[in-house]
Amino acid sequence: MNVDDVVAERIAAAQRKTEADKQARAELAAARSAGLAARHAAKLDHLAQDERAVLHCPACRRQRPARRIGSGAVLGRLVVLVECCETTCGLAWVVRPDGA
Ligand SMILES: [Zn+2]
């Protein structure tokens, strides 16, 4: 085996590792995305049952108890209207059940 073969083998190994790393990152990103969607859906299920859930309030910029105050369709998509239960806030905002 000459030097060119050794270099070619190392380049091929590096390319295989790059492809494997890329595949692993894609799989992790897909799993993370699916997990976030499931978590969001579970939160909204909880909200539908108890009328309250802990959500990230955009105004408070932190997790706050929020209550469901309505739901409906906007541009053909199901949305849930929630209100921050923090007395000094009271922001109402729309969340999508699919987490999009
Ligand atoms: Zn708030």
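First, the ground rules. The model is predicted: local features need pLDDT of at least 70, side-chain atom pairs count only at pLDDT 80 or more, and totals for chains, interfaces and linings use all residues. Residues are numbered from 1 along each chain as its sequence is written.

Now the layout. Helices here are DSSP runs of H or I with at least four residues, strands are runs of E with at least two, and both are numbered from the N terminus.

On overall dimensions, the C-alpha trace spans about 75 × 30 × 25 Å along its principal axes.

As for burial, 9% of the 100 residues count as buried. Buried means that 20 or more other C-beta atoms lie within 10 Å of the residue's own; exposed means 12 or fewer, partly exposed is in between, and the C-beta atoms are placed from the backbone.

Next, the hairpin. E1 and E2 form it, with four residues between them. Arginine 61, in the turn, has a positive phi of about 60 degrees. The two strands run antiparallel and are joined by six bridges; strands pair if DSSP finds at least two bridges between them. E2 covers residues 62–74, and within E2 proline 65 is the bridge partner of valine 54.

Leucine 55 belongs to E1, residues 52–57. Why does leucine 55 count as buried? Because 21 other C-beta atoms lie within 10 Å. Apart from neighbours within four places in sequence, leucine 55 is in contact with Lys43, Arg64, Ala66 and Val82. Contact means that the C-beta atoms of two residues, placed from the backbone, lie within 7 Å. Serine 71 is 16 residues from leucine 55 along the chain, with 16 Å between their C-alpha atoms.

Last, the helix. Leucine 28 sits in H1, which covers residues 3–50. Leucine 28 counts as exposed because it has 10 C-beta neighbours inside 10 Å. From leucine 28 to methionine 1 is 27 residues in sequence and 38 Å in space, C-alpha to C-alpha.

To recap the two leucines: leucine 55 is buried, and leucine 28 is exposed.
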